[in-house]
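Hi,

Here is the structure I said I would pass on. Have a look at it first, and my notes come after.

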Amino acid sequence: MLRPRWHDGLIVSAIVGLLAVGVWALWWDDVRGALGIGPREEAPVTAPVPTANSQT
């Protein structure tokens with residue numbers, strides 16, 4: 001009797017997905033550097049301008 005193989009593919013897909021999320025979370029900066037992909041261009045962060053009524 002042959003057993004269905006769809007669940008084997010589901011298990012393999014879940015393992016590959018977990019590995020991909022781990023690489024992204026832990027080493028994404030290294031992966032971008034190895035692939036020659038530069039960092040994203042982000043807007044410069046500026047300090048908020050205090051108003052006349054603000055208390056610090």
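Below is what turned up, starting with the ground rules.

This is a predicted model, so local features need pLDDT of at least 70 and side-chain atom pairs count only at pLDDT 80 or more, while totals for chains, interfaces and linings use all residues. Numbering runs from 1 along each chain as its sequence is written, and side-chain values use heavy atoms, with hydrogens and water left out.

**The helix**

The protein has one helix and zero strands. (Both are DSSP runs numbered from the N terminus: H or I of at least four residues for helices, E of at least two for strands.) Helix α1 covers residues 6–35, and its end C-alpha atoms are only 34 Å apart, whereas a straight helix of 30 residues would span 44 Å at 1.5 Å a residue. The expected span here is 1.5 Å times one less than the number of residues.

Where does α1 bend? At Trp 27, by about 90°, taking the bend as the angle between axes fitted to the seven residues ending there and the seven starting there. After α1 comes Gly 36, with a positive phi near 75°.

**Surface**

Of the 56 residues, 2% count as buried. (Buried is under 20% relative accessible area, exposed is over 50%, and partly exposed is in between, with a 1.4 Å probe and protein chains only.) The accessible surface is about 5,800 Å², and carbon and sulfur atoms own 67% of that. Areas come from Shrake-Rupley with a 1.4 Å probe, and for residues only the protein chains shown count as cover.

Ile 11, Ile 15 and Leu 19 make a nonpolar surface patch of about 300 Å². Patch residues need over 30% relative accessible area and no salt bridge; nonpolar side chains (Val, Leu, Ile, Met, Phe, Trp, Tyr) are joined within 5 Å, like charges within 9 Å. Ile 15 sits in α1 and is partly exposed at 47%.

**Polar pairs**

The whole structure gives two salt bridges, meaning a side-chain nitrogen of Lys or Arg within 4 Å of a carboxyl oxygen of Asp or Glu.

- Arg 5 pairs with Asp 8, with the closest N and O atoms 3.3 Å apart. Arg 5 is exposed at 58%, and Asp 8 is partly exposed at 23%.
- Asp 29 pairs with Arg 32 at 3.4 Å, N to O. They are three residues apart in α1, so about one helical turn separates them. Asp 29 is exposed at 57%, but Arg 32 is buried at 19%.

Lastly, Ser 13 is in α1 and partly exposed at 48%. A polar atom of the Ser 13 side chain lies 2.8 Å from the backbone oxygen of Gly 9.

Cheers

Conventions:
Polar contact = N/O pair within 3.5 Å; in protein donor to acceptor, adjacent residues only side chain to side chain.
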